[in-house]
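Here is a short tour of one protein model, written to be read with the structure open beside you.

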Amino acid sequence: MTTYLSSTISTLLKYKIVAEKTFEQLSEVQLFWKPEPESNSIGIIVNHMAGNMLSRWTNFLTEDGEKSWRNRENEFEDEIASREMLLQRWNEGWKCFLDTLDSLNEDDLGHIVHIRNEAHTVMEAIQRQLAHYSLHVGQIIFLGKMQKGHDWSSLSIPKGESEQFNREMFGK
């Protein structure tokens, strides 16, 4: 039987992978491109996601998810300057998040944790972050696709290939 935690981890890993497939398609310059000066680049989004993951998931069951050491405002500055730094920050955040999820069990889901002093069950906190991270992965993909245009390699079923895909899937 698939549990809530294993299903959630599987879903989150899919989001992580599609974001990474976006990174792979882009040049280093494209990772830090902004459509306009007040927009976020992929680098800024990655920095924010990692900051959020580290804050929310460090000592998840015992401390508020908004840590005193987190500087959220700096997450929206151009702090990351290279692909290497971007991937290091990305992996650091995901490792903290996934290690914490891996340490939980189904009995933990009803426990109360706090985010900015607001009480959530563990399951509610996970759902909150699932929605947050998937929103940002969507932004990453949109920025990548916007820059690549016709050179974009689809991360799912390519446009115009739905019927063929369905024939293959239903033909199994």
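Setting aside neighbours within four places in sequence, I42 is in contact (heavy atoms within 4.5 Å) with F23, L26, L31, W33, L86, I140, L143 and G144. This is a predicted model, in which local features need pLDDT of at least 70 and side-chain atom pairs count only at pLDDT 80 or more, while totals for chains, interfaces and linings use all residues. Residues are numbered from 1 along each chain as its sequence is written, and side-chain values use heavy atoms, with hydrogens and water left out.

I42 also belongs to the largest nonpolar core, which has 36 residues; F23, I42, M49, W57, W90, I126 and I140 touch the most other members. Such a core is a set of buried Ala, Val, Leu, Ile, Met, Phe, Trp, Tyr and Cys residues joined through side-chain atoms within 4.5 Å, buried being under 20% relative accessible area with a 1.4 Å probe, protein chains only. α5 is the biggest contributor, giving eight residues.

Now for two of the helices (DSSP runs of H or I, at least four residues):

| Helix | Residues | Among its residues in the α1–α4 contact |
|---|---|---|
| α1 | 4-25 | I9, L12, L13 and F23 |
| α4 | 83-103 | L86, W90, W94 and F97 |

Their axes, lines fitted to C-alpha atoms over the stretch in contact, with angles from 0 to 180 degrees between N-to-C directions, come within 12 Å and cross at roughly 175°. α1 and α4 are therefore roughly antiparallel, a term for angles over 145 degrees.

Key. Parallel < 35°, antiparallel > 145°, perpendicular 65-115°, else oblique. Buried < 20%, exposed > 50% of the residue type's maximum accessible area, 1.4 Å probe, protein only.
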